[in-house]
Amino acid sequence: QGDVFGQTGNPSQISVDTYTIDIEFYEELSVGYYSTLEISGGIRYNEFAEQTGRWIENTNRFSGFGGLIGAELNRSLAIGGSVYARARLAILMDDKKVVTWPFASVGPVQNTLFDSTQGMTEIGFGYEYSRCLCGGSILTARVGAEWQNWFNYSSTIEDGPYGGPSDVG
């Protein structure tokens, strides 16, 4: 572990502020008597800000639009409810701004990475229970696990100005 001065043994601090907005269109298909397959596509907007460093702050900012595709397989169980497995993939583009302080005596260095491509992969599975309510509404409760990997989002800072992109998971 190193801090912004390249010294070992001093832990650095990382702060991330992010949000995502999706607009998706989907179609649900019957696959046999007990299973459904939902396919979806749309657009995603993501804003990501990362700050690293213990004494001097390095920043990494990205906000961009891109395409989104997804699929979810749902299988009904004899005991009630169903199990599901889902996957989504998004590819976003915009300029990425990385500000680093390579040395305490030197001012900040800003790198703008034009037309940077970021990727997001999500996979998950779990159990779902749905119940029809009055007026045609459906109440759905889910318990599951999800993993995400965001490609090219973080910007490593080690022993110099800009160490290059790395993934966040």
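In this predicted model, the protein exposes about 10500 Å², and carbon and sulfur atoms supply 58% of that area. Buried residues account for 30% of the 169 residues in the protein.

The secondary structure comprises zero helices and seven strands, so that, read from the N terminus, the elements run β-β-β-β-β-β-β. These strands form an open sheet with the order β1-β2-β3-β4-β5-β6-β7 and antiparallel pairing, in which β1 and β7 (165–168) are the edge strands, each pairing on one side only. Direction ignored, neighbouring strands of this sheet are turned by 15° against each other on average. Strands of a sheet pair through backbone hydrogen bonds, either parallel or antiparallel. Among contacts between residues at least 6 apart in sequence, 55% join residues at least 24 apart.

Strand β3 (residues 58–76) and strand β4 (residues 82–100) run antiparallel and are joined by 16 bridges, with R75 standing opposite V83 in β4. Five residues lie between the strands in the hairpin of β3 and β4, where G80 takes a positive phi near 105°. On to the next pair, β4 and strand β5 (residues 109–132) are antiparallel over 18 bridges; here T100 has V109 in β5 as its bridge partner, while V98 is partnered by N111 in β5.

Another loop deserves a look, namely the one between β1 (14–31) and β2 (35–52), where Y33 is found. Y33 counts as exposed because its relative accessibility is 73%, which is over the 50% cut-off. Y33 and S76 are 43 residues apart in sequence, yet their C-alpha atoms are 9.1 Å apart in space.

Which charged pairs link the strands? The count comes to six salt bridges, and one of them joins the side chains of D22 and R44 at 2.6 Å, N to O. This pair links distant parts of the chain, with D22 in strand β1 and R44 in strand β2, 22 residues apart. The two partners fall into separate classes of accessibility: D22 is partly exposed because its relative accessible area is 30%, whereas R44 is buried because its value is 3%.

A further salt bridge is formed by R142 with E72, whose closest N and O atoms are 2.4 Å apart. Because R142 lies in strand β6 and E72 in strand β3, the pair ties together parts that are 70 residues apart in sequence. With a relative accessible area of 34%, R142 is partly exposed, while E72, at 12%, is buried.

In the salt bridge of E122 with R88, the closest N and O atoms are 3.8 Å apart. E122 lies in strand β5 and R88 in strand β4, so this pair ties together parts that are 34 residues apart in sequence. E122 counts as buried at 8% relative accessibility. Finally, D22, E24, R44, R88 and E122 are linked in a network of salt bridges.

Note on methods: Residues numbered from 1 in each chain as written. Predicted model: local features only at pLDDT ≥ 70, side-chain atom pairs only at ≥ 80, totals over all residues. Heavy atoms only, no water. Pairing = 2+ DSSP bridges. Helix = DSSP H or I, 4+ residues; strand = E, 2+ residues; numbered from the N terminus. Buried < 20%, exposed > 50% of the residue type's maximum accessible area, 1.4 Å probe, protein only. Axes fitted to C-alpha atoms, helices over the stretch in contact; angles between N-to-C directions. Contact = heavy atoms within 4.5 Å. Areas by Shrake-Rupley, 256 points an atom, 1.4 Å probe, with all protein chains shown as cover. Salt bridge = Lys/Arg side-chain N within 4 Å of Asp/Glu carboxyl O.
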